[in-house]
Amino acid sequence: MDHHNPYLTETPPAEPRATKSLVTHELPPLPYARDALEPHISARTLDHHHGKHHAKYVQTLNELIQGSNLSKMPLEGIIRATARKKAKAKIFNNAAQVWNHTFLWHSMKPHGGGRPSGAIAERIDEDFGSFEKFAEEFKNAATTQFGSGWAWLVIADGKLAVTSTSNADMPLVHGHKPLITLDVWEHAYYLDYQHERPKYVQVFLDHLVNWDFANANLV
Ligand code: MN
């Protein structure tokens, strides 16, 4: 993925710091206040999801790569270098989860949701036929993903497409360019919606999805 997207300004240190404990990756701050997505996603959920889950993936990743060549790589480099390698699955899972969650926070915004505008609106009409058809496909992907995973709007072979991935799996390693994601792990919605994943997905589409982010990713 290119780095033109102003939302994702991960700049890995070029020179690893010469300390005994090399900490390459940091938990990026949420791009809004913890209560900014209420009433749709509670501050309590974001406390756990960002402050505990995302933070833990960052911490574990740093522990796993310490002292190895991977500790000198940017996050996307680690993801690509460890994808589909059984012996590196633990590193891939944590690195991809760090990336996926940062992408998730930007995929939502306060007072988001509803119909898109700009280039993404035109592309959705062209490639899905209508916004309604896109929304139907996205809801279906997000609700039928069995167990933990992610739903995505991506560019695949030059066209917009909806995909879902299991656990930490993500579009970059499939040659797809992600535009928007939704986390469908239970930790993302259980406190607010319990088992009702379809409700959470509908709320994401109606009130949270950040179409500005999708437009920025299209460039
Ligand atoms: Mn999550």
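Trainee: In what order do the elements of the chain run from the N terminus on?

Mentor: They run α-α-α-α-α-β-β-β-α-α-α. The model is a predicted one, and its chain has eight helices and three strands.

Trainee: What makes Phe134 a buried residue?

Mentor: The cut-off for buried is 20 or more other C-beta atoms within 10 Å. Phe134 has 22, so Phe134 is buried. Phe134 is found in helix α5, residues 131-144. Leaving aside neighbours within four places in sequence, Phe134 is in contact with Ile124 and Phe128.

Trainee: How far apart are Phe134 and Leu160, in sequence and in space?

Mentor: They are 26 residues apart in sequence and 9.6 Å apart in space, C-alpha to C-alpha.

Trainee: Why is Pro28 called partly exposed?

Mentor: Pro28 has 17 other C-beta atoms within 10 Å. Buried needs 20 or more and exposed needs 12 or fewer, so a count of 17 falls in between and Pro28 is partly exposed. Pro28 lies in the segment before α1 (43-65). Between Pro28 and Val58 there are 9.6 Å in space, C-alpha to C-alpha, and 30 residues in sequence.

Trainee: What share of the chain is buried?

Mentor: Buried residues make up 34% of the 219 residues.

Trainee: How do you know that the length of α3 agrees with its residue count?

Mentor: The expected span is 1.5 Å times one less than the number of residues. For the 18 residues of α3 that gives 26 Å, and the end C-alpha atoms are 26 Å apart, so the two agree.

Trainee: What makes α3 mostly covered?

Mentor: In α3, 14 of the 18 residues are buried. Strand β3 (residues 177-183) is also described as mostly covered, with six of its seven residues buried.

Trainee: Which residues touch the most other members of the largest nonpolar core?

Mentor: Ala95, Ala151 and Leu153 do, in a core of 48 residues. Helix α3 (residues 89-106) gives the largest share of this core, eight residues. The core draws at least three residues from each of domain 1 (43-106) and domain 2 (119-218). As a general point, nonpolar side chains tend to be buried together in soluble globular proteins.

Trainee: What does Leu153 touch?

Mentor: Not counting residues up to four places away in sequence, Leu153 touches Phe138, Leu160, Val162, Leu179, Ile180 and Ala214. Two of these names return as bridge partners: Val162 in β2 and Ile180 in β3.

Trainee: How do you know that β1 pairs with β2 and with β3?

Mentor: Pairing takes at least two bridges between two strands. Strands β1 and β2 have eight bridges, so they pair, in the antiparallel sense. Six bridges join β1 (residues 149-156) to β3, so these strands pair too, and they run antiparallel.

Trainee: Why are β2 and β3 called edge strands?

Mentor: The three strands form an open sheet in the order β2-β1-β3. Strands β2 (159-166) and β3 each pair on one side only, and so they are the edge strands. On average, neighbouring strands of this sheet are turned by 20° against each other, direction ignored.

Trainee: What share of the chain's contacts join residues at least 24 apart?

Mentor: Among contacts between residues at least 6 apart in sequence, 66% do.

Notes. Residues are numbered from 1 along each chain as its sequence is written. This is a predicted model: local features need pLDDT of at least 70, side-chain atom pairs count only at pLDDT 80 or more; totals for chains, interfaces and linings use all residues. A nonpolar core is a set of buried Ala, Val, Leu, Ile, Met, Phe, Trp, Tyr and Cys residues joined through C-beta atoms within 7 Å. Helices (H or I, at least four residues) and strands (E, at least two) are DSSP runs, numbered from the N terminus. Domain bounds come from an automatic or database domain assignment. Two residues are in contact if their C-beta atoms, placed from the backbone, lie within 7 Å. Axes are lines fitted to C-alpha atoms, for helices over the stretch in contact, and angles run from 0 to 180 degrees between N-to-C directions.
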